[in-house]
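Here is a briefing on side-chain contacts. Look at the sequence and the 3D view first, then read on.

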Amino acid sequence: MADFLPWFPFDFDDFMEGTIGWTWEERGAYLTLLREQWRRGFIPNEPDRLHFMVIGITPRRLRTMWDLRIKAKFRPVDGDSAKLINDRMAAERAKKEVEVAAKRMAGAAGGAATAAARAEAAAAAHGAAGA
């Protein structure tokens, strides 16, 4: 898993279409849980503890929203039922991790090429000064 990824792609139209009939409070709780999944790679499969991630909503209210709406948007991680994921968020995170890794490799390669060019230039300058 990549280190901290500070933002995630968000398609507002898809989000609104996927939450038609939801209250803004339900949407906010769902979006907050998506954010937690982005940060951690999953949310814990402990519905009675999710209120610690969604500030400002009572545990009872969040449990009602979870059971009524939000639970259907997540599934257990294959091989680890203690973790839940939203498939689209997991796919977006996987794409972003590949993108970040590719940029890191390109940056390292570019840095190595720059260092080699500088070393070569320094050696050539030193050789020219000694001649």
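Is F8 buried or exposed? F8 is buried, because its relative accessible area is 18%. Buried means under 20% relative accessible area, exposed means over 50%, and partly exposed lies in between (1.4 Å probe, protein chains only).

This is a predicted model: local features need pLDDT of at least 70, side-chain atom pairs count only at pLDDT 80 or more, and totals for chains, interfaces and linings use all residues. Residues are numbered from 1 along each chain as its sequence is written, and side-chain values use heavy atoms, with hydrogens and water left out.

**Aromatic rings**

- The structure has eight aromatic pairs. Rings of Phe, Tyr and Trp (its six-membered ring) pair if their centres lie within 6.5 Å; planes under 30 degrees apart are stacked, over 60 edge-to-face, and the rest tilted.
- F8 and F10 are edge-to-face, because their planes meet at 75 degrees, with ring centres 6.4 Å apart. F10 is partly exposed at 38% relative accessibility.
- F8 also pairs with W38, and this pair is tilted: 5.6 Å centre to centre, with 45 degrees between the planes.
- F8 lies in the segment before helix 1 (12–18) and W38 in helix 2 (residues 24–40), so the pair ties together parts that are 30 residues apart in sequence. Helices (H or I, at least four residues) and strands (E, at least two) are DSSP runs, numbered from the N terminus.
- One aromatic cluster includes F8, F10, W38 and W66.

**Salt bridges**

- Side chains of opposite charge can pair when their charged atoms come close.
- The count is 16 salt bridges. Each is a side-chain nitrogen of Lys or Arg within 4 Å of a carboxyl oxygen of Asp or Glu.
- D87 bridges to R75, with the closest N and O atoms 2.7 Å apart. The pair links distant parts of the chain, 12 residues apart: D87 is in helix 4 (residues 87–130) and R75 in strand 2 (residues 75–77).
- D87 is partly exposed at 43%, and R75 is partly exposed at 28%.
- K96 bridges to E99, with the closest N and O atoms 3.1 Å apart. Both lie in helix 4, three residues apart, about one turn of the helix.
- K96 is buried at 10%, whereas E99 is partly exposed at 34%.

**Charges over rings**

- The charged end of R27 sits over the ring of W24, 4.8 Å from its centre. The rule asks for NZ of Lys or CZ of Arg within 6 Å of the ring centre and within 35 degrees of the ring normal.
- K83 has its charged end over the ring of F42, 4.6 Å from the ring's centre.
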